[in-house]
Amino acid sequence: LGLLRKPNHPYQSEIYLNLGLNSRDYDNGSLTERSLLSSIQTARKASQRYLAEVALAEHYYNEKKFKESIQYYEKIISNSDDKWLPKHAYNLSWC
C-alpha cells in the first residue's frame, strides 16, 4: 500500500482495481466500492477506467443497487468491441 501514497504512481489505478476485486472475492466486500471508485479516478487510460467501471457495475448489480448499476452499465454497453457486451446488456435489462 506504500505505492498508493505516491501521487501519480503509474500503477495506482491497477492497484486500486485489484484491491477492489480481492475485497469482492475474498473479503466481505467492505473495500470494494471505495477501491473501484479510486481506480476510476486515478485511471490514466480508457481501458483501465473501463475495467473498473465494469467491476463497479457488477458490484452494484450484485448488491441490488440497481440505480447505481445502471449508471455504469449504460457507459459500458457503448463499447461494441467487448466480448461480454451481451452479458452487460442482459444485466442492464434486469436493472
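A: S39 sits in helix α2. The model is predicted, and what follows is computed from it. S39 counts as buried because its relative accessibility is 0%, under the 20% cut-off. Setting aside residues up to four places away in sequence, S39 touches S13, Y16, L17 and A52.

Now take S35. This serine also lies in α2, which runs over residues 32–42. S35 has a relative accessible area of 7%, so it is buried too. Beyond its neighbours within four places in sequence, S35 is in contact with Y16, L19 and G20.

Widen the view to the whole of α2. Its buried residues are T32, S35, L36, S38, S39 and I40. What do they pack against? The buried residues of α2 pack against α1 (12–26), α3 and α4.

Next, the α3 and α4 pair. Two packed helices are described by an angle and a distance, both taken between their axes. Helix α3 covers residues 46–62, and helix α4 covers residues 66–76. Their axes are 8 Å apart, and the packing angle is about 150°. That angle is over the 145° cut-off, which means that α3 is roughly antiparallel to α4. The crossing of the two helices is left-handed. On the α3 side, the contact is made by Y50, E53, V54, L56, A57, E58, Y60 and Y61. On the α4 side, the partners are F66, E68, S69, Y72, Y73, K75 and I76. By class, the residues of this contact are 10 nonpolar, one polar and four charged.

A loop joins the pair. K64 is found there, between α3 and α4. K64 is not a glycine, yet its phi is positive, at about 60°. Most residues other than glycine have a negative phi. K64 is exposed, because its relative accessible area is 62%, over the 50% cut-off.

Helix α3 also meets α5, which spans residues 85–94. The axes of α3 and α5 come within 11 Å and cross at roughly 40°. This crossing is left-handed. From α3, the residues involved are Y50, V54, E58 and Y61. From α5, they are K87, H88, N91 and W94. The contact divides into four nonpolar, two polar and two charged residues.

Finish with Y61, a residue of α3. Y61 is listed in the contact with α4, and it is listed in the contact with α5 as well. Which residues does Y61 touch, not counting those up to four places away in sequence? They are F66, S69, Y73, N91, W94 and C95. F66, S69 and Y73 belong to the α4 side of the contact with α3, while N91 and W94 belong to the α5 side. One further pair involves this tyrosine. Y61 and L92 are 31 residues apart in sequence, and their C-alpha atoms are 8.7 Å apart in space.

Terms used
Residues are numbered from 1 along each chain as its sequence is written. This is a predicted model: local features need pLDDT of at least 70, side-chain atom pairs count only at pLDDT 80 or more; totals for chains, interfaces and linings use all residues. Side-chain values use heavy atoms; hydrogens and water are left out. Axes are lines fitted to C-alpha atoms, for helices over the stretch in contact, and angles run from 0 to 180 degrees between N-to-C directions. Helices (H or I, at least four residues) and strands (E, at least two) are DSSP runs, numbered from the N terminus. Angles under 35 degrees count as roughly parallel, over 145 as roughly antiparallel, 65 to 115 as roughly perpendicular and the rest as oblique. A crossing is left-handed if the near helix is turned anticlockwise from the far one by less than a right angle, and right-handed if clockwise. Contact means heavy atoms within 4.5 Å. Ala, Val, Leu, Ile, Met, Phe, Trp, Tyr, Cys and Pro count as nonpolar, Asp, Glu, Lys and Arg as charged, and the others, Gly among them, as polar. Buried means under 20% relative accessible area, exposed over 50%, partly exposed in between (1.4 Å probe, protein chains only).
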